[in-house]
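Dear colleague,

Please find below the structure that I am handing over to you. My notes on it follow directly after.

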Amino acid sequence: MGRTIAKISLVLLIIVALPISFYLVREFSALSKNELMVQRVFSTQLESILYSVNQYSENVVKQWSQSLDQPVDPSGNVMQGLVYNIFQNNQSVLAIRFLQLQSNQVEAAFFNHNYQLDNWPPMNQLKRLQDYFKSNYQRIETKTVNDSTLMFYFLTKNRHGEQVCQLMINPKEFVLQTMSPQIQQIAQNLFFISVSDSLSGNTIYSTEENSGLSEATEKAQMWYLPAYKLGIRLKAKTVEELATERTQRDNFTLLGLSIVVILGLLFVIWNIRKEMKLAELKSEFVSNVSHEIRTPLALISMYSETLLMKRLKTEEKQQEYLNTIQQESARLTDIVNRILNFSRLEKNRIKYRFENIDLAQLVPEMLATLKSHLKAAQVDCQFNSEVDEALAYADSEVVKTMLVNLVDNAIKYGADQNKKIDIRLLKKQKAIWVEVEDNGIGIAPKNQKHVFDQFYRVTEGDLAHKAKGSGLGLNLVKRMMKAHGGSVSLRSRLGEGSTFILKFPVKKQ
Ligand code: ADP
């Protein structure tokens, strides 16, 4: 049976558990292909938004450089007007200075916020700028002076020739005042964009309070502010977050489902096991009963044949044969009755006739009818009652059937010699107890909980073959006691004996 169960379990496992685990593993492997594609599209989008922020800063600086590239005297009124305009509109601009390239002399210098300008543009870089300038490209170079100062320098041309224009700005102010309105506009309510110091990671500006570069999903260097980095992130959940959320949700559902399926599987396996065990017990039952019926049938047929042939000489002998035939047919009736009872119980066809009966009277009466049977089995049977009257609400015929069953078992599984059966009647725990005690072989603890199961027989020590039985008797008793609203229990020690206790509810008022 064990192998069959193992096979069935394996097949069920392959059919149900394997596909589930495959699906689970697949689900756990993060993002699906489509989600990855959407993710890529999104990050490209975010990158291009950062690009446009950079583009804007470039436009601003280029506008300055172009407006300062005029064929006028740097210290003249026109230039002063232009510079004034830049200072006026851009608080971040600290100073603007023109250096004549040929003479290496300062031609004009303008200051905003009393700024002290004592830095020079790196002269060795100028050759490169000149080359670009010759091919009509005004290249703008940057140089970080300190935390709060950044220098732009580029070439311009006036009536006297080429000159270097130095434009000093405060980069933080540039971000906060010049760029922030544009960043806000780009971000709208969809993204949050931040500008942070690349080295320290400190946030200079952010469209959202308390959020900086660490939360951005895309980052980019600022073209004109080398010390700063841009960061961007979708305000709503990112594709990755949505996917993770979905995967988690799916996995929880799947886990729950798997648990249900596994529990279902276990239940199915448990049921199959039970059914197989029952089938095994039923087949044992058929062989036991056939065995039990065969002996009395053989005896009856043999004895009646002898009688019919009139081979028996004495009247005494004839009487003995007739007695045996009668006893054996009684045994047969008993077996058949038990099976019929069982089958009726199975189909709920037993009709109980409950009434208030006095067990103190019924039990000794019943024992009296068994007297010859007990004598034949050489059993010393005693009855003791602690009470004079024990009124219970019960069916007297059924009570008799149960007692016969218990007494029969006490004989069958009794001691080899000096068989003793003690029957006691007592009132305990608001019930009437009928105890049937024997000094027989007893029942091992591990078998005690099974003896009331249908078809169950203790098979150890070849007992099943020594004492014939159907494994139905105790199950019948259990069901009948239940119908009485009572119960049956067992106290037993292997090798010392057993006591079966019938607990009846007391008489109904
Ligand atoms: P059976 O027809 O086999 O006697 P029962 O249902 O009456 O069926 O009993 C079930 C099993 O319980 C028996 O096979 C036997 O192993 C055990 N049993 C029942 N009564 C006793 C007893 N008085 N002493 C020891 N074992 C018992």
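Helices, of type H or I with at least four residues, and strands, of type E with at least two, are taken here as DSSP runs numbered from the N terminus. In those terms, Pro-121 belongs to the loop between β2 (105–111) and α4 (126–134). Please bear in mind throughout that the model is a predicted one.

Pro-121 has a relative accessibility of 2% and therefore counts as buried, the limit being under 20%.

The ligand site

I turn next to the ligand. The space that the ligand takes up is the largest cavity. Which residues come nearest to the ligand? Of the 21 residues around it, these are Asn-409, Tyr-413, Arg-457, Ser-470 and Leu-474. By class, the shell comprises 10 nonpolar, seven polar and four charged residues. Three elements, α10 (396–412), α13 (473–483) and β16 (497–505), each contribute at least two residues to this shell.

- Lys-412 places a polar side-chain atom 3.0 Å from an oxygen atom of the ligand.
- Asp-438 has a polar side-chain atom 2.8 Å from a nitrogen atom of the ligand.
- Gly-473 takes part through its backbone, where an N or O atom lies 3.2 Å from an oxygen atom of the ligand.

On its own the ligand has 530 Å² of accessible area, and the protein covers 99% of this.

Helix α8

Helix α8 spans residues 359–369, and its buried residues are Leu-359, Ala-360, Leu-362, Val-363, Met-366 and Leu-367. The N-terminal end of α8 is capped by Asp-358, with a side-chain oxygen 3.1 Å from the backbone nitrogen of Ala-360.

Positive phi values outside glycine

Lys-310 has a phi near 55°, which is positive although the residue is not a glycine. Lys-310 sits in the loop between α6 (239–308) and α7 (315–346). Is Lys-310 buried or exposed? Its relative accessible area is 70%, and the cut-off for exposed is over 50%, so Lys-310 is exposed.

Gln-378, likewise not a glycine, has a positive phi of about 50°. This residue is in the loop between α9 (371–376) and β11 (379–385). Gln-378 is exposed because its relative accessible area is 68%.

Further positions

Cys-165 is part of strand β5, which covers residues 161–169. With a relative accessible area of 0%, Cys-165 is buried. From Cys-165 to Val-398 the separation is 233 residues in sequence and 121 Å in space, taken from C-alpha to C-alpha.

Gly-76 is located in the loop between α2 (33–68) and α3 (77–89). How does Gly-76 count, as buried or exposed? The relative accessibility of Gly-76 is 18%, so this residue counts as buried under the 20% limit. Gly-76 and Tyr-132 are 56 residues apart in sequence, and their C-alpha atoms are 27 Å apart in space.

Arg-424 lies in strand β13, which runs over residues 419–428.

With kind regards

Conventions: Residues are numbered from 1 along each chain as its sequence is written. This is a predicted model: local features need pLDDT of at least 70, side-chain atom pairs count only at pLDDT 80 or more; totals for chains, interfaces and linings use all residues. Side-chain values use heavy atoms; hydrogens and water are left out. A residue is near a molecule or strand if one of its heavy atoms lies within 4 Å of it. A polar contact is a pair of N or O atoms within 3.5 Å; within protein, one must be able to donate a hydrogen and the other to accept it, and residues adjacent in sequence count only if both atoms are side-chain atoms. Accessible areas come from the Shrake-Rupley method with a 1.4 Å probe; for residues, only the protein chains shown count as cover. On a 1 Å grid over the protein atoms alone, a cavity is a set of points where a 1.4 Å probe fits but cannot get out, and a pocket is an open set with protein on both sides within 12 Å along at least five of seven lines; lining residues have an atom within 4 Å of a point. A molecule sits in a cavity or pocket if more than half of its atoms lie within 2 Å of its grid points. Ala, Val, Leu, Ile, Met, Phe, Trp, Tyr, Cys and Pro count as nonpolar, Asp, Glu, Lys and Arg as charged, and the others, Gly among them, as polar. Buried means under 20% relative accessible area, exposed over 50%, partly exposed in between (1.4 Å probe, protein chains only).
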